[in-house]
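User: Hi! I'm new to this one, could you walk me through it?
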Amino acid sequence: NTKLTSLRMIKELLESKPTGEVQLLAILVDKFMDPDQKVANHSVYLLQEVMKRHNAMREVIAREIQQYLHRPSMTTKAAYTGLIFLNQIMFKRGDGEFVQS
């Protein structure tokens, strides 16, 4: 599937070239709304992989998903996917400022 291949390439770019981080991250998070649930689930998986390799990205990814959840065009399924993703992020003691917001 070309969508899945594109998402994998975006993930690789996000991990290796953080200069376009904002745009690349937005693309991956936008795919939570993809009508093909396989694509939405793959996007979640890839974001989890990014967080495993780059622990410092947890806060950036979580903030992007928070912004995503406030969009007016949000579907129930996409909001559910975003909330489940946020619920699975493991934060540490030093992350207090972000976690409290």
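Analyst: Happy to. One term before we start: contact means heavy atoms within 4.5 Å. This is a predicted model, where local features need pLDDT of at least 70, side-chain atom pairs count only at pLDDT 80 or more, and totals for chains, interfaces and linings use all residues. Residues are numbered from 1 along each chain as its sequence is written, and side-chain values use heavy atoms, with hydrogens and water left out.

User: Thanks! Which helices do the buried residues of H1 pack against?
Analyst: They pack against helix H2 (21-30), helix H3 (37-53) and helix H4 (57-69). Helices here are DSSP runs of H or I with at least four residues, numbered from the N terminus. Buried means under 20% relative accessible area and exposed over 50%, with partly exposed in between (1.4 Å probe, protein chains only).

User: And which residues of H1 are buried?
Analyst: Leu4, Leu7, Ile10, Lys11, Leu14 and Glu15. These residues cover an arc of only 135° around the axis, so they sit on the same side of H1. That arc is taken from the directions from the helix axis to the C-beta atoms.

User: What's on the face turned away from the buried side?
Analyst: The exposed residues Thr2 and Met9 of H1 are there.

User: Switching topic: at what angle do H3 and H4 pack?
Analyst: About 150°, with their axes 8 Å apart. Axes are lines fitted to C-alpha atoms, for helices over the stretch in contact, and angles run from 0 to 180 degrees between N-to-C directions. Angles over 145 degrees count as roughly antiparallel, so H3 and H4 are roughly antiparallel to each other.

User: Which residues make that contact?
Analyst: Leu47, Val50 and Met51 of H3, with Met57, Arg58 and Ile61 of H4.

Terms used: Helices (H or I, at least four residues) and strands (E, at least two) are DSSP runs, numbered from the N terminus. Angles under 35 degrees count as roughly parallel, over 145 as roughly antiparallel, 65 to 115 as roughly perpendicular and the rest as oblique.
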